[in-house]
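Keep the viewer open as you read.

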Amino acid sequence: MVDTSGGELHVRTFFRDKEHLKMVVGLYVMKKGFDYYVRKSGTDIWYVTCKDTDCGWRLRAKKNVLSNMFEVSTFHNVHTCSLDLRGKDNHQASPLIVAHLIKDKFATDSSNHLASDIRKSMHKDYRIQMSYEKAWRCREKGLHLARGTPKDSYSKLPSYLHMLQLRNPGTITDFVVEDGRFKYCFFSLGPCIRGFRFCQPVVCVDGSFLKIRHQSIVRAFEIVFPDAHHGACYHHIIMNVNHKFKTDAFTNHIYTCAYTYSKSEFHREFENIRAMNVTVAQYLAKIGFEKWVRSYFPRVRYNVMTSNWAESFNNTTKDARGFLITAAVAFLVGFCALIKPISI
């Protein structure tokens, strides 16, 4: 059996099944720039000719009596029609055919080959004018061919977590299924657990995760870190003020207030804000000075005045959120490996 997806077709070429035969012939006619017409198709035969009925190009393949393999029995590879009559409708450029052409673009999880890129490459390589909708379908099928389906990815996750534990002593994982459906998974890498004791005792959490519906996270912090004090990112406070009061006139003043080392310096600067706008001053005071002002913070803040760590994590992992579940977990494991070497 020969894979002819990148070369020529020949008599006595074998294909593993009929679908494989149709795939290879579809790629072939795309590269040659013409369309074919199916004259006969059955469980044991497949016969196609050039779209121009007067053209001599034709291919016939038959099923092997002892297997599902198809063999090319007749192949006249000479066109007697003109280039103009062959047409450029490209009916054979189906999403599945194109997906096989572009699947290597998605071999790595970091690849971001867009539908617009597919349209450009198909026009450049095959002179095919493809709609955006069709390019999107091609992209979805290419992703499935390269990375598998969501169902396959979920089924691989337990074994991946198991191997992660074996290769990295001290790693903790949990995989929870409810009513036969995936609910959540958890992992904490052994090297990261051991390295945590040497980190600064500051935990940065994206504020969106501390809304009312996620109060369990707040309770977890109270249990694990009972003496911790909740601070606020001054940069997000500035953004909220700009949005709420439709002005950025207070940006520098809020920055100065947040970073002052003494309470007297803070109050001098805060009075400037009050003089400019009493409502803004009341809004900032309602937040609680101990949340965002360094001089009022009751614990050691270690100069961590923003949640930029969490924002950086979100920005680094934003593409991974579109990966299938096992690939997404593997990406996060690799991200942790940049911080502390582990075995993957």
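Glu-178 is partly exposed, at 44% relative accessible area (partly exposed sits between buried, under 20%, and exposed, over 50%, using a 1.4 Å probe and protein chains only). Its side chain meets that of Lys-183 in a salt bridge, 3.2 Å from N to O; the term means a side-chain nitrogen of Lys or Arg within 4 Å of a carboxyl oxygen of Asp or Glu. Lys-183 is partly exposed too, with 46%. Side chains of opposite charge can pair when their charged atoms come close.

A quick word on the source: this is a predicted model, where local features need pLDDT of at least 70, side-chain atom pairs count only at pLDDT 80 or more, and totals for chains, interfaces and linings use all residues. Residues are numbered from 1 along each chain as its sequence is written, and side-chain values use heavy atoms, leaving out hydrogens and water.

How many salt bridges does a search of the whole structure find? The count is 6. One of them joins Arg-137 to Glu-133 at 3.7 Å, N to O. Both residues belong to helix 5 (residues 132-147), 4 residues apart, or about one turn; helices here are DSSP runs of H or I, at least four residues, numbered from the N terminus. Arg-137 is partly exposed at 38%, while Glu-133 is exposed at 57%.

Over in helix 1, Glu-19 and Lys-22 sit 3 residues apart, about one turn of the helix, and their side chains form a salt bridge at 3.9 Å, N to O. Lys-22 is partly exposed, with 30%. His-20 also has its place in helix 1, residues 18-32, but this histidine is buried, with a relative accessible area of 10%.

Methods:
Helix = DSSP H or I, 4+ residues; strand = E, 2+ residues; numbered from the N terminus.
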